[in-house]
Amino acid sequence: MSEPELQLDPAIRIWVFLPIVLITFLIGVLRHYVSVLLSSQKKVDLAAVTDSQLLIRARMLRENGKYIPKQSFLMRKHYLNNEESGLLKAGTKRQTAPPNPMTDPSMMTEMLKGNLTSMVPMVVVGGWINWHFSGFVTTKVPFPLTLRFKPMLQRGIELQSLDASWVSSVSWYFLNVFGLRSIYSLVLGENNAADQARAMQESMSMQAGGMPPDSKQAFKGEWEALEVTEHNWALKNSDQEMMSLVEPTPEHLYHQK
């Protein structure tokens, strides 16, 4: 004989389920506008932009050099790879060490602002919801789950007999924290600061980024790749092939009206 189905009080929907959704949404909107107010305009390093554009130019020459005449390709290759005055060759001779972002006060400040606007509100609001809505079962997922999902979906409720499909109030809050991305994008736009998953991902990538890529190694790799690149003219006889497609045949010539 199967166990009777758990029946929830309809008041839980009004006083627990919907308030958690509303609180999570409003906290996300508030976090977005606080992040906008605290964000500072990042300074653009002119040397870094110049180096990146030069590397892009060399890569475009390697990939698309077959569409320009051989003389034009060799001129550009000499301009970049010349042993004496080539821009890529000069980049491989740099002796300056790459900057360490962990010693940059502005980057440390940005990391602190990110943690202040993302992690702190989530922990504080999660603790308050765990205290205020403790012990409530809010909803049930529409598909069966195994017992391994009980610690994730029934945090704060220690009932071995409760089916794993039921969701506690604390777990419902965390599901809303990471599940309202589409609503935030609809209300605040695509690049918003309310998306907790994106904020955590950016914070982790910033902390684990470590040393930036060495520009000297990037110049060396691009110089070597361009040095071995040969010009293979891709538009050979292209004019004749085009004219063969549009040139009228004798049959069409005599049957034109």
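**Reading surface, core and ring pairs**

Reply: Val124 is exposed, at a relative accessible area of 54%, where exposed means over 50%, buried under 20% and partly exposed in between, with a 1.4 Å probe and protein chains only. This is a predicted model, in which local features need pLDDT of at least 70 and side-chain atom pairs count only at pLDDT 80 or more, while totals for chains, interfaces and linings use all residues. Residues are numbered from 1 along each chain as its sequence is written, and side-chain values use heavy atoms, with hydrogens and water left out.

Me: Where does Val124 lie, and which residues form the nonpolar patch on the surface?

Reply: Val124 lies in helix α5, helices being DSSP runs of H or I with at least four residues, and strands runs of E with at least two, numbered from the N terminus. The nonpolar patch is formed by Leu30, Val34, Leu38, Leu116, Val120 and Val124, with about 490 Å² of accessible area together. The elements giving two or more residues to this patch are α1 (10-38) and α5 (105-132). Patch members have over 30% relative accessible area and no salt bridge, and nonpolar side chains (Val, Leu, Ile, Met, Phe, Trp, Tyr) are joined within 5 Å, like charges within 9 Å; a salt bridge is a side-chain nitrogen of Lys or Arg within 4 Å of a carboxyl oxygen of Asp or Glu. Accessible areas come from the Shrake-Rupley method with a 1.4 Å probe, and for residues only the protein chains shown count as cover.

Me: Which residues touch the most other members in the largest nonpolar core?

Reply: In soluble globular proteins, nonpolar side chains tend to be buried together. A nonpolar core is a set of buried Ala, Val, Leu, Ile, Met, Phe, Trp, Tyr and Cys residues joined through side-chain atoms within 4.5 Å. Here the largest has 15 residues, and those touching the most other members are Val16, Ile20, Ile129, Phe133, Leu145, Val167 and Tyr173. Two or more residues come from each of α1, α5 and α7 (169-179).

Me: How many aromatic pairs are found in the whole structure?

Reply: A pair of aromatic rings is described by the distance of the centres and the angle of the planes. Rings of Phe, Tyr and Trp (its six-membered ring) pair if their centres lie within 6.5 Å, with planes under 30 degrees apart stacked, over 60 edge-to-face and the rest tilted. The search finds four pairs; one of them, Phe17 and Trp172, is stacked, at 4.6 Å centre to centre and 20 degrees between the planes. Because Phe17 lies in helix α1 and Trp172 in helix α7, the pair ties together parts 155 residues apart in sequence.
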